[in-house]
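Open the model in your viewer and keep the selection tool ready. We will go stop by stop.

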Amino acid sequence: MPAYKDDKTGTWYTKFYYKTYTGKSKSKLKRGFKRKKDALAWEDDFKARKQGSPDMPFKMFWGEYKDDLRHELKETTWEGKINIVDTKILPFFHDIPLNKIDTRIIRKWQNEIQGMKKKNGEPYAQTYIKSINNELSAIVNHAVTYYNLPNNPIHKTGSIGEKNAEEQEFWTLDEFNQFIEYFTDDLLYYTVYNLLYYTGIRQGEMLALTLEDFDLDNYMVSINKNWGRRLKKNGVTTTKTKSSNREIVFPHFFKGLLLKYVESLYGYKYYERLFSYTNKSQLNRKIKKAAEETGVKPIRVHDLRHSHAAYLIDKDVNMKALQHRLGHKRFETTYNTYGHLYPNKQEEVMSLLNDDEDD
């Protein structure tokens, strides 16, 4: 493990060959160390990372994991993963070597996570707690697959949290009609909430829409982008999954409503965002206020998506069609979320599930 003195700068550098975890040989040069031992220590750490040694500290492996996975994930998904690891996982496992993380340590961490509170003092949702546990398990699984870690101790300790949230809240058509009257004189929100209820699209998908996304002759809207976090600020991003790219029909009355809304926008260009005058926070505040004023039970904006699903189920739309309309990647997602609304169709659901297994 040689280190060399740079006579021009008076600093040390290291130059060496190493093998990646795939067995490929590469060279590495790193300059600027004040001391020889600093250069040698850096070389040791680098080789441990790149050669897939399971005794590297968790913080070091997290850097490798990010290098390996960053290009595979959507930006908003990646930012969410980074936030969970940096705030809920890395502080606990920081200096612990991967191969020293056992069931006892995992259980201690799980207990700590389950006792955490939000800034307002409320406990985290059980679905969020499960997502935190899943993130750690995914990281350790990566070490098992590519970095010679013998096993994933989380498989022995078991999971925490809950996979599915409590039963979804939704409005019936009568409840929605009662609610929407509140916005009769507010064209923006009258248009937005009708669009969300009658299409079931996500908030981010709605906020990214432009007029050119609408095929008004055929009463269809193309969902091909999302409005969300991009480079730590809001912007247009890709949809949640490839399955989220879809074309869905909307009711005939909405065409006239949309055109009336567009006419109200001064200087609007067809390629600009239609609903840039609102955001997710305002949408939730407005729906809460309107629910209070109209006497309907309060729900979240996202629950309009569930309301749309319940509306279609009541109209006897089959679950496969519902899966496509909502943009779910997996049929099981649709079934797990809305299967309880099909009390008399369990045989049909089971058949569809079995068909998916054969695909």
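The tour covers a sheet, then ring pairs, then charges over rings.

This is a predicted model: local features need pLDDT of at least 70, side-chain atom pairs count only at pLDDT 80 or more, and totals for chains, interfaces and linings use all residues. Residues are numbered from 1 along each chain as its sequence is written, and side-chain values use heavy atoms, with hydrogens and water left out.

**Stop 1: the sheet.** Select strands E4, E5 and E8, which form an open antiparallel sheet in that order. Strands (E, at least two residues) and helices (H or I, at least four) are DSSP runs, numbered from the N terminus. Two strands pair if DSSP finds at least two bridges between them. E4 (214-215) and E8 are at the edges with a single partner strand each, so one side of each has no neighbour in the sheet. Now show E5 (residues 220-223): 4 bridges join it to E8. Met220 is opposite Val249, and Ser222 is opposite Glu247.

**Stop 2: the faces of E8.** Show side chains 246-249. Arg246 and Ile248 point to one face and are buried (under 20% relative accessible area, 1.4 Å probe, protein chains only; exposed is over 50%, partly exposed in between).

**Stop 3: charges over rings.** Select Arg273: its charged end sits over the ring of Trp227, 3.5 Å from the centre. Then select Arg31, which lies over the face of Tyr13 at 4.8 Å from the ring centre. The test is NZ of Lys or CZ of Arg within 6 Å of the ring centre and within 35 degrees of the ring normal.
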